[in-house]
Amino acid sequence: MGARTKARKRAADILFEAEQRGIDPLKLLADRVAVPHSEAAVPQYTVDIVEGVVAYRDRIDEVLETYSQGWSLQRMPAVDRALLRIGSWEVLFNDEVPDAVALDEAVDLAGDLSTDDSPAFVNGLLGRVKDLKPTLLA
């Protein structure tokens with residue numbers, strides 16, 4: 001697993017845990033940076049992802065809700081929500097990551113962390129976000 005893949009997984013873990021516990025993801029992130037719950041320190045890219053998702057969360061959630069075709073955010077598995085938010089942030093707001101890489105990473109993590117149906121769902125929704133990117137950012 002590459003460094004950025006690990007960073008994405010850590011970001012998904014933090015976003016998922018914060019949502020499940022009903023706490024601010026930035027507070028949880030700060031706690032994890034100060035006292036990591038594993039041997040490895042929190043990667044800078046994890047920090048970038050969590051801060052980016054939080055900064056653009058309203059817009060990201062609006063896009064996901066609009067294009068998810070019959071699935072409200074609340075009906076989606078929580079892990080899928082976290083991965084979709086990360087993937088959407090990378091596609092829409094992080095020019096350092098190619099869109100295809102963001103999609104592949106989100107789909108791979110969905111396969112590892114979520115339901116059997118999640119990789120196809122994540123791929124379809126993020127593919128739509130990627131295709132609509134020019135109009136979504138206009």
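This dialogue walks through how to read several features of one predicted model.

User: What should I keep in mind about the model and its numbering before looking at single residues?

Analyst: Residues are numbered from 1 along each chain as its sequence is written, and because this is a predicted model, local features need pLDDT of at least 70 and side-chain atom pairs count only at pLDDT 80 or more, while totals for chains, interfaces and linings use all residues. Side-chain values use heavy atoms, with hydrogens and water left out.

User: Which residues does the UniProt domain annotation cover?

Analyst: UniProt positions are given here in the numbering used for this structure, with feature names shortened, and annotations may be inferred rather than shown by experiment. In this case the unreviewed UniProt entry carries the annotation "domain: NusB/RsmB/TIM44" for residues 6–130. Helices (H or I, at least four residues) and strands (E, at least two) are DSSP runs numbered from the N terminus, and by that reading the span 6–130 is 74% helix and 0% strand, with its end C-alpha atoms 23 Å apart.

User: How many salt bridges are there, and what counts as one?

Analyst: A salt bridge is a side-chain nitrogen of Lys or Arg within 4 Å of a carboxyl oxygen of Asp or Glu, and by this rule the count comes to 14 salt bridges. One of them joins R81 and E19, whose closest N and O atoms are 2.3 Å apart. This pair links distant parts of the chain, since R81 sits in helix α5 (residues 78–93) and E19 in helix α1 (residues 3–21), 62 residues apart.

User: Are R81 and E19 buried or exposed, or something in between?

Analyst: Buried means under 20% relative accessible area, exposed over 50%, and partly exposed in between, with a 1.4 Å probe and protein chains only. R81 is buried, at a relative accessible area of 5%, whereas E19 counts as partly exposed at 28%.

User: What other salt bridge does E19 form, and where does its partner lie?

Analyst: E19 also forms a salt bridge with R85, the closest N and O atoms being 3.2 Å apart. Since E19 lies in helix α1 and R85 in helix α5, this pair ties together parts that are 66 residues apart in sequence. R85 counts as buried, at 5% relative accessibility. R85 in turn forms a salt bridge with D61, with closest N and O atoms 2.8 Å apart; R85 is in helix α5 and D61 in helix α4 (residues 57–67), so that pair ties together parts 24 residues apart in sequence. D61 is itself buried, with 14% relative accessibility. Through shared partners, salt bridges join E19, R57, D61, R81 and R85 into one network.

User: How do helices α1 and α5 cross?

Analyst: Axes are lines fitted to C-alpha atoms, for helices over the stretch in contact, and angles run from 0 to 180 degrees between N-to-C directions. Here the axes of α1 and α5 come within 9 Å and cross at roughly 130°. That makes α1 oblique to α5, given that angles under 35 degrees count as roughly parallel, over 145 as roughly antiparallel, 65 to 115 as roughly perpendicular and the rest as oblique. Contact means heavy atoms within 4.5 Å, and among the residues that meet are R8, A11, L15 and E19 in α1 and R81, L83, R85 and E90 in α5.

User: Where is L73, and which residues does it touch?

Analyst: L73 is found in the loop between α4 and α5 and is buried, with a relative accessible area of 5%. Leaving aside residues up to four places away in sequence, L73 touches D61, L64, E65, R81 and R85. The C-alpha atoms of L73 and A11, 62 residues apart along the chain, are separated by 18 Å.

User: Where is N94, and which residues does it touch?

Analyst: N94 is in the loop between α5 and α6 and is buried, with a relative accessible area of 7%. Not counting residues up to four places away in sequence, N94 touches Y45 and W89.
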